[in-house]
Amino acid sequence: MHILVVLLASASAAIAKEKINVYSISKEISPARKPAVKEEPVVSNSPAPVQWKTPASWKQLSPTELRVGNFSISGGEKKAEVSIIPFPGQTGTELSNVNRWGGEIGLKAIEQKDVSSEEVLIGADKGKLYDLSGTALRTVAAVLQRDGISWFFKMRGDKELVAQNKTVFVEFLKTIRFDSEIPAEPAVPSNPVSTNVKEIPAKGSSNETSWDAPATWQEKPPSAMVLKSFSTGDAEHEAKISITAFPGDVGGPLANVNRWRNQLSLEPVAEAELSKLTTFIDVLGGKATLVDMKGSDGKTGKPARLIAATVSRKEKTWFYKMMGDEATVAREKEAFVKFVQTVRYPND
């Protein structure tokens, strides 16, 4: 086992009759091209801390390893897909994301000066919307940074069908609601020595993941996809600790390390340099890979240090991260490592 610790204004007529799903511009569609709306509202549950209203002309699909929201759109033989994907932290730069989307539809890479975006509402938050058109395919993507999570909303498919659904997609984004607006489960009582928390288990499961947190760490309210948060040190010398879990490998070791490097205002590294940045520690049931880096906090510009570990277990990756004041992180490193080593997963 390797351990690597990482989306109301009045809606348009096209989504006037919507089905509600719960998980945690350009040109308007001409009346003649709007799909018929016949479906009645249907409520569906899922584990992700996010809600949305699905346009009746879209087909709701099961979530995948990375997609908490997954939809298909059909128009005769024309097809398109829509996805909602969250990633911990900041995933890539604006330019790298745009060039990745462009490459998927056969476009050549562009420079930063050629990137074009517009402001779009994603629920109550302001995000960025990108519209890329190739010879046969088109992608409309929206990005939102919220509570330490990068949310990607993307529609890709037949050029004409995506054009017809762009307004529907924009209205769909307005219906997004995050966990702060979703009724929360009762808070877990704080315990300075040992804290248990639900792992986001499958519905109906009683399995729990638990750990022993240092008595000096202060427990903080979780947010978005963060399962548990702590802080240590005073206001000027604070370090923050977080625990998150996601399906799949969240892009793999290199993507995870470069995401953390971006948070420290460091340049990305190549695959060949990865081994120089990682060490292994023993944990319950196996070994963990640890990353320890120094840089500048991307938000404050102050010197900062980040220590992170990830655990790949049962098709899910667990991320344990401590970031903040250099001296505080250095002082707490041993406690952080011991903390990760105490984590007990179901069936261990």
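**View 1. Gly 298 sits in the loop between β17 and β18.**
This is a predicted model, where local features need pLDDT of at least 70, side-chain atom pairs count only at pLDDT 80 or more, and totals for chains, interfaces and linings use all residues. Residues are numbered from 1 along each chain as its sequence is written, and side-chain values use heavy atoms, with hydrogens and water left out. Helices (H or I, at least four residues) and strands (E, at least two) are DSSP runs, numbered from the N terminus. Gly 298 and Leu 264 are 34 residues apart along the chain. Their C-alpha atoms are separated by 5.6 Å. Leaving aside residues up to four places away in sequence, Gly 298 touches Gln 263 and Ser 265. Contact means heavy atoms within 4.5 Å.

**View 2. Helix α3 (residues 253–263) holds buried residues.**
Among them are Asn 256, Arg 259, Trp 260 and Gln 263. Buried means under 20% relative accessible area, exposed over 50%, and partly exposed in between (1.4 Å probe, protein chains only). The cover over the buried residues of α3 includes β5 (78–88), β17 (286–296), β18 (303–313) and β19 (316–324). In the chain of 348 residues, buried residues make up 48%.

**View 3. Seven strands form an open sheet with antiparallel pairing.**
The order is β13-β14-β15-β19-β18-β17-β16. β13 (218–220) and β16 (278–283) stand at the edges, each with a single partner strand, so one side of each has no neighbour in the sheet. On average, neighbouring strands of this sheet are turned by 25 degrees against each other, direction ignored. Two strands pair if DSSP finds at least two bridges between them. β16 and β17 run antiparallel and are joined by six bridges. Thr 278 has Val 291 in β17 as its bridge partner.

**View 4. Helix α4 lies across strands of the sheet, including β14 (226–232) and β15 (239–247).**
α4 also lies across β16, β17, β18 and β19. The helix runs at about 155 degrees to β19. Axes are lines fitted to C-alpha atoms, for helices over the stretch in contact, and angles run from 0 to 180 degrees between N-to-C directions.

**View 5. Trp 52 and Phe 71 belong to a cluster linked by ring pairs.**
Trp 58, Phe 169 and Phe 172 are also in this cluster. The structure holds 15 aromatic pairs. Trp 52 and Phe 71 form an edge-to-face pair, 5.7 Å centre to centre, with 80 degrees between the planes. Rings of Phe, Tyr and Trp (its six-membered ring) pair if their centres lie within 6.5 Å; planes under 30 degrees apart count as stacked, over 60 as edge-to-face and the rest as tilted. Trp 52 is in strand β2 (residues 50–55) and Phe 71 in strand β4 (residues 69–75), 19 residues apart. Trp 52 is buried at 2% relative accessible area. Phe 71 is buried too, at 0%.

**View 6. Trp 211 and Phe 339 form another edge-to-face aromatic pair.**
Their centres are 6.4 Å apart, with 70 degrees between the planes. Trp 211 lies in strand β12 (residues 208–211) and Phe 339 in helix α4 (residues 326–342), so the pair ties together parts 128 residues apart in sequence. Trp 211 is buried, at 0% relative accessibility. Phe 339 is buried, with a relative accessible area of 1%.
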